[in-house]
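Please examine the sequence and the three-dimensional structure shown here before reading on.

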Amino acid sequence: MNALLAVENLATHFATRNGLVKAVDGVSFHLDAGEIVGLVGESGSGKTVTGFSLLGLVDAPGRIVGGSIKLEGRELVGLPQAELRKLRGRRVAMVFQDPSATLNPVLTIETQMRLALEAHERVGAAAARDRSADLLTRVGIPDARRRLETYPHQLSGGMRQRVAIAIALLNRPSLIVCDEPTTALDVSIQAQILAQMKALAADFGTALIWISHDLATVSALASRILVMYAGRIVEEGPTGEVLRKPAHPYTQGLLDSLPSIAAPGEDLRQIPGSTPSLANLPEGCAFAPRCAFADAACKSAPATRRTATRAVRCHHPLGEVAWPL
Amino acid sequence: MAALIACQNLVKRFSSPPQLGDRLARLLGRPVRPRTVYAVDDVSLEIAEGEVLGLVGESGCGKSTLGRMIAGIQPPSAGLALLDGVPVMGGGRSPVKTTTRVQMIFQDPFASLDPRMRIGDIVAEGPIANGLVSRAEAAADTAKWLAAVGLDPTAAQRYPHQFSGGQRQRVAIARALAMRPDILVCDEPVASLDVSIQAQIINLFLKLKRDLGLTMLFISHDLGLVRHISDRVAIMYLGKLVETGATQAVFENPRHPYTRALLDSMPKLRLDDADVDFKPIDGELPSPLAPPPGCHFHLRCPGMRPACRTAVPELIRSVDGRELACHYPLVGG
């Protein structure tokens with residue numbers, strides 16, 4: 001099958017005073033057109049840097065040091081900035097966590113949306129306004145024509161995030177990378193936006209990479225899930241299957257940490273220790289120091305083992321799946 | 001069970017000074033709309049000894065302000081927060097806290113610990129200043145509390161920046177515990193932590209509750225967490241309590257439409273591959289500067305009837321101890 005996005009062995013490193021930080025280290029995955037994939041991990045796992053790498057947004061001291069990112073068959077790694085700019089917004093867009101930081105405070109919503117359109121095509125003011133208003137309506141903003149004249153500070157956090165989503169959809173990209181877009185919002189607004197995103201992605205045929213630390217949100221949205229730990233994808237597979245029968249001890253640990261799994265008032269099963277510093281990763285499996293199943297074999301780095309639909313990066317995967325060596 | 005904390009008709013108003021236009025309008029004798037936010041609007045609430053009360057609501061509903069008044073770090077505009085029948089704050093122009101029996105834990109351990117103080121000094125400062133321990137005993141006392149929260153005693157010599165978020169939150173908890181409080185007010189204590197670290201801190205709270213018999217006010221927007229840790233919950237909307245009751249009863253059988261809507265919005269872990277139907281609440285939180293008349297929730301309520309637009313529902317206690325502020329409560333089932 002011709003994948004929309006194929007990432008092979010992507011490595012993004014940051015040269016810092018405290019040493020080389022391997023934020024993304026050998027990440028491979030693919031995405032079909034229109035597919036919604038959840039990228040899950042804790043802070044510092046490299047999920048955001050992976051998203052930034054896809055759009056060529058990694059700034060110094062960070063650099064993509066290896067691997068390949070193919071979007072619609074076209075190699076993005078090594079592409080000059082001018083070429084990347086033509087793709088950004090048109091073929092691949094991004095929605096960030098904090099909409100008050102991504103919208104320009106001194107421009108009206110209308111101006112910001114028109115600029116996003118003009119970046120890629122010649123469009124008249126009236127046509128730009130029509131298309132903008134239409135999208136604002138579709139992302140659930142009532143009275144869109146009037147909202148176009150407002151500034152970001154006049155809108156609530158939820159409304160601002162809807163505007164950011166509308167801007168991402170303006171040029172009908174084939175892929176939108178969403179980096180924790182609902183984390184800063186209240187649950188009632190989060191539920192509205194999740195429902196809308198799912199419907200819009202289906203309508204537009206847009207594929208989504210939904211970056212989040214929240215397994216519950218991802219389970220409601222994504223058909224496939226990628227679990228990241230310390231710069232690597234440690235588990236991958238269909239969402240329901242992975243969450244029902246996780247193969248990596250880290251995925252199991254994350255699930256066990258959720259209060260909804262335990263009986264009220266009982267101790268949660270916790271993962272001991274904390275996430276390792278990416279500048280100073282342990283030899284071999286990065287999760288081994290926190291893992292209950294770790295043994296001598298875990299001193300060497302595990303290879304990714306794949307079945308037809310799932311993958312795991314572990315010497316001792318859980319469950320009864322027959323993992324090829 | 002005796003109530004350890006009793007709030008009587010607590011109100012917290014925030015007014016901004018009148019702007020130039022308003023002052024001109026007043027000079028000209030025109031009506032001026034006051035810019036006053038009722039962050040907490042006539043809330044009465046009790047917390048029994050040894051109880052963990054979960055306080056839930058969306059941002060801006062006044063849950064943190066209510067917690068701060070109970071903790072005695074923000075004076076109420078009207079009403080009283082009582083600890084064993086005695087107000088937690090004195091009266092007068094600039095009231096101060098009169099008790100050390102309430103301690104608070106804040107959301108962001110990066111902001112709540114002084115970066116220039118050693119952990120040992122952070123934990124010992126309060127007890128020494130209040131004469132709970134002498135300077136000579138302070139080191140041993142600090143080590144005891146650091147051990148109680150699962151930190152190594154050598155941590156006392158180090159600075160906050162040398163610790164991760166989860167460890168810093170443990171320091172903040174040790175600092176609160178060192179004051180030998182009877183009640184802890186925890187304002188979103190794990191919201192800024194990663195999932196795996198959240199579980200560690202939640203387990204620590206559960207252990208403290210068992211070992212020390214602590215009473216807690218646990219403020220959070222995370223319903224799953226509140227369900228796990230609380231004996232009783234109180235749901236807030238735009239400055240008012242809308243429903244309170246035993247945790248299990250409220251979660252299994254919500255009677256206020258807002259509680260129901262919150263529970264429906266809560267993302268749940270889906271283990272099957274079925275398509276998820278979201279049932280979001282319509283609309284957004286109205287501005288607390290201009291709350292809607294009548295029931296504050298009526299604009300978003302699916303069961304709204306004419307009376308809801310005009311009459312403010314009172315919080316009424318029923319025989320089973322549930323409290324509810326709704327004209328047309330949901331029928332259980």
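This is a predicted model: local features need pLDDT of at least 70, side-chain atom pairs count only at pLDDT 80 or more; totals for chains, interfaces and linings use all residues.

Residues are numbered from 1 along each chain as its sequence is written, and chains are lettered from A and ligands numbered from 1 in the order in which they are written.

In chain B, four strands form an open, antiparallel sheet in the order β2-β1-β4-β5. Helices (H or I, at least four residues) and strands (E, at least two) are DSSP runs, numbered from the N terminus, and two strands pair if DSSP finds at least two bridges between them. The edges are β2 and β5 (86-87) of chain B, each of which pairs on one side only.

Strand β1 (residues 3-15) of chain B is joined to β2 (residues 36-48) of chain B by ten antiparallel bridges; here Ala3(B) stands opposite Ala48(B). Within β4(B), Ala81(B) is the bridge partner of Cys7(B), and Ala78(B) that of Val11(B).

Helix α2 (residues 63-71) of chain B lies across β1, β2 and β4 of chain B, at about 125° to β1(B). Such angles run from 0 to 180 degrees between N-to-C directions, and the axes are lines fitted to C-alpha atoms, for helices over the stretch in contact.

Where do the chains meet? In total, 36 residues of chain B are in contact with 36 residues of chain A, contact meaning that C-beta atoms, placed from the backbone, lie within 7 Å. On the side of chain B that touches chain A, α6(B) gives the most, with nine residues.

Note on methods: Two residues are in contact if their C-beta atoms, placed from the backbone, lie within 7 Å.
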